Amino acid sequence: LEITIQNHRGRRLGRYGEYLRVVDRTVDVGIKLATYDNVVPGAYLESCFENHGSATVAPTATTLERFDGTTWHPVAVPVGPQYLPAQTPIQRALGPGEAERIATLVPANAKSGLYKVNASGIVLDSGEPVTISAEFGLH
């Protein structure tokens, strides 16, 4: 986009230009964990909610599940997710390429085994829910 400003004689008085790129709307989120196998009961599991798409996404919640060998079971977490730095939900909208660190408390009485953290969010322009998961080991 380029705009040129001229006087009545055609003399250029100024010019303004800006590069503009139009991309398709995509929803693509991911989660990364700081560690996969050194988590201990009573510690915070640090994760990163990542927006790889072009639609704006807001993280809304995290949950934990434990695998018993055949089925995943919910784990009661005494404290909700901690967003780093702490922010109100309206400030946590993640635009394209943005990410947010989230700490989830692993209960002190959690048994060792295979766990997964589930992070959910919503796409702001459509209300579409998104859910992503990552597995980790608890010792």
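Y115 and F136 are both buried in this predicted model. The two residues form an aromatic pair of the stacked kind, with 5.8 Å from centre to centre and 25° between the planes. Y115 belongs to strand β9 (residues 113-123) and F136 to strand β10 (residues 129-138), so that the pair links distant parts of the chain, 21 residues apart.

**Aromatic residues**

The count of aromatic pairs in the model comes to two. In the pair made by F67 and W72, the ring centres are 5.0 Å apart and the planes stand at 45°, so this pair is tilted. F67 has a relative accessibility of 26% and therefore counts as partly exposed. W72, at 23% relative accessibility, is likewise classed as partly exposed. W72 also takes part in a contact with a charged residue: the charged end of K116 sits over the ring of W72, 4.7 Å from the ring centre.

**The four-stranded sheet**

Four strands make up an open sheet in the order β6-β5-β9-β10, and their pairing is antiparallel. The edges are held by β6 (72-75) and β10, each of which has a single partner strand, so one side of each is left without a neighbour in the sheet. From one strand to the next, the twist averages 35°. Within this sheet, strand β5 (residues 57-67) and β9 run antiparallel and are joined by ten bridges. V57 stands opposite V123 in β9.

T62 is placed in strand β5. With a relative accessible area of 11%, T62 lies under the 20% limit and is therefore buried. Its side chain makes a polar contact of 3.1 Å with the side chain of T104.

**Other strand pairings**

Strand β4 (residues 44-51) pairs with β8 in the antiparallel sense, over seven bridges. In this pairing, C48 stands opposite R101 in β8. Strand β8 (residues 99-105) is mostly covered, since five of its seven residues are buried.

Strand β2 (residues 12-17) is hardly covered: among its six residues, the count of buried residues is zero. Strand β1 (residues 2-6) runs antiparallel to β2, and five bridges join the two. E2 has G17 in β2 as its bridge partner. The two strands β1 and β2 form a hairpin with five residues between them, and G10 in the turn has a positive phi of about 95°.

The pairings with a stated bridge count are set out below.

| Strand pair | Sense | Bridges |
|---|---|---|
| β5 and β9 | antiparallel | ten bridges |
| β4 and β8 | antiparallel | seven bridges |
| β1 and β2 | antiparallel | five bridges |

**The nonpolar core**

The largest nonpolar core has 23 residues, of which L45, F49, L64, V106, V117 and F136 touch the most other members. Strands β3 (29-33), β4, β5, β9 and β10 each supply at least two residues of this core. The most is given by β10, with five residues.

Methods:
Residues numbered from 1 in each chain as written. Predicted model: local features only at pLDDT ≥ 70, side-chain atom pairs only at ≥ 80, totals over all residues. Heavy atoms only, no water. Phe/Tyr/Trp six-rings, centres within 6.5 Å; stacked < 30°, edge-to-face > 60°. Buried < 20%, exposed > 50% of the residue type's maximum accessible area, 1.4 Å probe, protein only. Lys NZ or Arg CZ within 6 Å of the ring centre and 35° of its normal. Pairing = 2+ DSSP bridges. Axes fitted to C-alpha atoms, helices over the stretch in contact; angles between N-to-C directions. Polar contact = N/O pair within 3.5 Å; in protein donor to acceptor, adjacent residues only side chain to side chain. Core = buried A, V, L, I, M, F, W, Y, C linked by side-chain atoms within 4.5 Å.
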